[in-house]
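These are notes for a colleague who is opening this model for the first time. Please keep the structure in view while reading the points below.

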Amino acid sequence: MNSRVQVSPNLRVFLTIIVTVAVLRYAQEVFVPIALAILLTFLLGPIVERLQKWHVNRALAVVFSVTLAIMVVGSILYIVFDQFTDLLQQLPRYRRQLRSNLSDIIGLFRGGVSGTSEAVEQISRELRRVAPPTAADPAVRQVQVVEGPPDNAFAATASLISPLLKPVATTAVVIVFVIFMLLRLPDLRDRIIMLLGSRNLRVTTEALDDAAKRVSRYIVMQTFINAWQGVWVTLGLMLIGVPNAMLWGALTMALRFIPYVGPWVAAAAPVALSIAVFDNWHQPVLVAGLFVFLELISNMILEPWLYGSRTGVSPVALLVAATFWTWLWGVVGLFLAIPLTVCIVVMGKYIPQLS
């Protein structure tokens, strides 16, 4: 009697997917830097290939591409930090106007909630009447707690630096992976083909080329669209008169890499700032209209062309993918949702078990 349990191919694939998701979930500190490095490799790969066609040594082309990427990201971070520091210094000036505008908003609803306001004021008066004695009362002794110096200066310094160690270490690991992958990209491709076997040589080659083209095209086009919108946000906010326009343009460019959520997070801050800065509602309406207009152009003209004909993934699938990868890896998963989904679509196209 044969005691072996026959497992269907579909059940085997399903179990493999479950194990894979569990590994990706609980080993994300290992896989997230690798996924980010692969994404940047797809972005910088065309630059390296173009430089090689111009007879530039591959090592020099890789160094130039990585240096260029670091300079661009560093410039954006510098602009964000500098503009954000200036914004913090100017916030006290905007406080009075913000209170005035909020009072106008509350005044619109005051007629319907006048009774509630009176009740709140009455309760406040009663609370002040029965409030405990303050420090000005001679019967109350004021106790001041003075913290002594830290026992160990090294421990105090470590407590300040430790939150920065993980992001810095992850960034360094990603840069190292990107350099290695760009240098060894042809060799890595050949090794993957050899790993999957010589009988799948043609299918594997087509799958790798298709995935590389789709993901590279998506990343390049998305970067172009985000940069385009960031420039127009900066120019539009400058014309309207919103302070720190370059900050909001840079944040728009960066946050639009996060699907669905990023554009509206980028729009919320300048709209709120315009309410605090201006003494009328014309400028806040113009700011909101600027973001809505630019998003309509991107969503109805540019992104459907990019997502539909370029990645081969429907909008509903993108929404499901964004939800899944956010649950799996948090904000980084939301950022990587579309490129990773494109890779899965390509795998389903060339691997019969995943079709």
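1. In helix 9, the buried residues (under 20% relative accessible area, with exposed over 50% and partly exposed in between, 1.4 Å probe, protein chains only) are Gly-262, Pro-263, Ala-266, Ala-267, Pro-270, Leu-273, Ser-274, Ile-275 and Ala-276. The helix covers residues 262-277, 16 residues in total, and reaches 24 Å from its first C-alpha to its last, close to the expected 22 Å. That expected span is 1.5 Å times one less than the number of residues.

2. The model is predicted: local features need pLDDT of at least 70 and side-chain atom pairs count only at pLDDT 80 or more, while totals for chains, interfaces and linings use all residues. Residues are numbered from 1 along each chain as its sequence is written, and side-chain values use heavy atoms, with hydrogens and water left out.

3. The protein has 12 helices and 0 strands. These elements are DSSP runs numbered from the N terminus, where helices are H or I of at least four residues and strands are E of at least two. Of the 355 residues, 29% are buried. Among contacts (heavy atoms within 4.5 Å) between residues at least 6 apart in sequence, 71% join residues at least 24 apart.

4. Which residues touch the most other members of the largest nonpolar core? They are Val-178, Leu-182, Trp-325, Trp-329 and Leu-336, in a core of 34 residues. A nonpolar core is a set of buried Ala, Val, Leu, Ile, Met, Phe, Trp, Tyr and Cys residues joined through side-chain atoms within 4.5 Å. Helices 1, 2, 3, 5, 7, 11 and 12 each supply at least two residues of this core, and helix 2 gives the most, with 9. A second, separate core has 15 residues, among them Trp-248, Ala-267, Leu-273 and Leu-294.

5. Leaving aside residues up to four places away in sequence, Trp-329 touches Leu-24, Gln-28, Phe-31, Val-32, Ala-35, Leu-336 and Leu-340. Ala-27, in the loop between helix 1 and helix 2, is 302 residues from Trp-329 in sequence and 10.0 Å from it in space, C-alpha to C-alpha. Ala-27 counts as partly exposed because its relative accessibility is 23%.

6. The structure holds 2 salt bridges, each being a side-chain nitrogen of Lys or Arg within 4 Å of a carboxyl oxygen of Asp or Glu. One joins Arg-58 and Glu-49 at 3.5 Å, N to O. Arg-58 is at 13% relative accessibility and so counts as buried, whereas Glu-49, at 35%, counts as partly exposed.

7. Arg-256 and Glu-295 form another salt bridge, at 3.0 Å, N to O. Arg-256 is in the loop between helix 8 and helix 9, and Glu-295 is in helix 10, 39 residues apart. Both residues are buried. Arg-256 is also touched by Asn-226, as are Met-253 and Phe-257. Asn-226 lies in helix 7 and is buried, with a relative accessible area of 0%.

8. Val-231, Trp-232, Leu-235, Met-238 and Met-246 make a nonpolar surface patch of about 470 Å². Such patches take residues with over 30% relative accessible area and no salt bridge, joining nonpolar side chains (Val, Leu, Ile, Met, Phe, Trp, Tyr) within 5 Å and like charges within 9 Å. Helix 7 (residues 201-240) gives the most to the patch, with 4 residues. Leu-235 lies in this helix and is partly exposed, at 41% relative accessibility.

Key:
Accessible areas come from the Shrake-Rupley method with a 1.4 Å probe; for residues, only the protein chains shown count as cover.
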